[in-house]
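Please load the model in your viewer and keep the selection panel at hand. We will walk through it stop by stop.

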Amino acid sequence: MPVIASRPPIQPGQRENAGRTVEAMTPEIRAHYAQLNRRAEVKRHMEWVQETPMGDLLIVVFETDAPEKL
């Protein structure tokens, strides 16, 4: 299964909010987000914070059989 990963930087002072995207969504936005993931055939979506000497990064990984739909 193809995997797509990205690593956007976390702005200083925003580490506590990083990786909590879904938790911060309203129910309506969360439903729309889930629909987009179904359309893109996302099997698994993972996020975590990685500390680096250059600053924190948000690691985002999607597993999907249809990466072109992301």
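The tour below goes from confidence to the sheet, then to the core and the salt bridges.

**Before you start**

This is a predicted model, in which local features need pLDDT of at least 70 and side-chain atom pairs count only at pLDDT 80 or more, while totals for chains, interfaces and linings use all residues. Residues are numbered from 1 along each chain as its sequence is written, and side-chain values use heavy atoms, with hydrogens and water left out.

**Stop 1: colour by pLDDT**

Here pLDDT is the predictor's confidence in each residue, from 0 to 100. The chain has a mean of 89, and 99% of its residues reach 70 or more. Helices (H or I, at least four residues) and strands (E, at least two) are DSSP runs, numbered from the N terminus.

**Stop 2: the sheet**

Switch to cartoon and select the strands. In what order do they lie in the sheet? The order is β1-β3-β2, an open sheet of three strands with antiparallel pairing. β1 (3–6) and β2 stand at the edges with a single partner strand each, so one side of each has no neighbour in the sheet. On average, neighbouring strands are turned by 15° against each other, direction ignored; for such angles, axes are lines fitted to C-alpha atoms (for helices over the stretch in contact), and angles run from 0 to 180 degrees between N-to-C directions.

Next, select residues 42–50 and 57–64. These are β2 and β3, paired in the antiparallel sense over eight bridges; strands count as paired if DSSP finds at least two bridges between them. Tryptophan 48 stands opposite isoleucine 59 in β3. Six residues lie between the two strands of this hairpin, and glycine 55 in the turn has a positive phi of about 125°.

Now move to the other pairing of β3. Four bridges join β1 to β3, and valine 3 has glutamate 63 in β3 as its bridge partner.

**Stop 3: the nonpolar core**

Show side chains for Ile10, Ala18, Ala40, Val42, Leu58, Val60 and Phe62. These seven residues make up the largest nonpolar core, a core being a set of buried Ala, Val, Leu, Ile, Met, Phe, Trp, Tyr and Cys residues joined through side-chain atoms within 4.5 Å. β3 gives the most to this core, with three residues. Buried means under 20% relative accessible area, exposed over 50% and partly exposed in between (1.4 Å probe, protein chains only).

Centre on alanine 18. Which residues does alanine 18 contact, leaving aside neighbours within four places in sequence? They are Ile10, Val49 and Leu58, where contact means heavy atoms within 4.5 Å.

**Stop 4: the salt bridges**

The structure holds four salt bridges, each a side-chain nitrogen of Lys or Arg within 4 Å of a carboxyl oxygen of Asp or Glu.

Select arginine 15 and glutamate 51: their closest N and O atoms are 3.0 Å apart. Arginine 15 lies in the loop between β1 and α1 and glutamate 51 in the loop between β2 and β3, 36 residues apart. Arginine 15 is partly exposed at 34% relative accessible area, whereas glutamate 51 is exposed at 52%.

Finally, select glutamate 41 and lysine 69, whose side chains meet in a salt bridge (2.5 Å, N to O). Glutamate 41 is in the loop between α1 and β2, and lysine 69 in the segment after β3. Glutamate 41 is partly exposed at 30%, and lysine 69 is partly exposed at 44%. To close, select Arg15, Glu51 and Asp56 together: salt bridges that share partners join them into one network.
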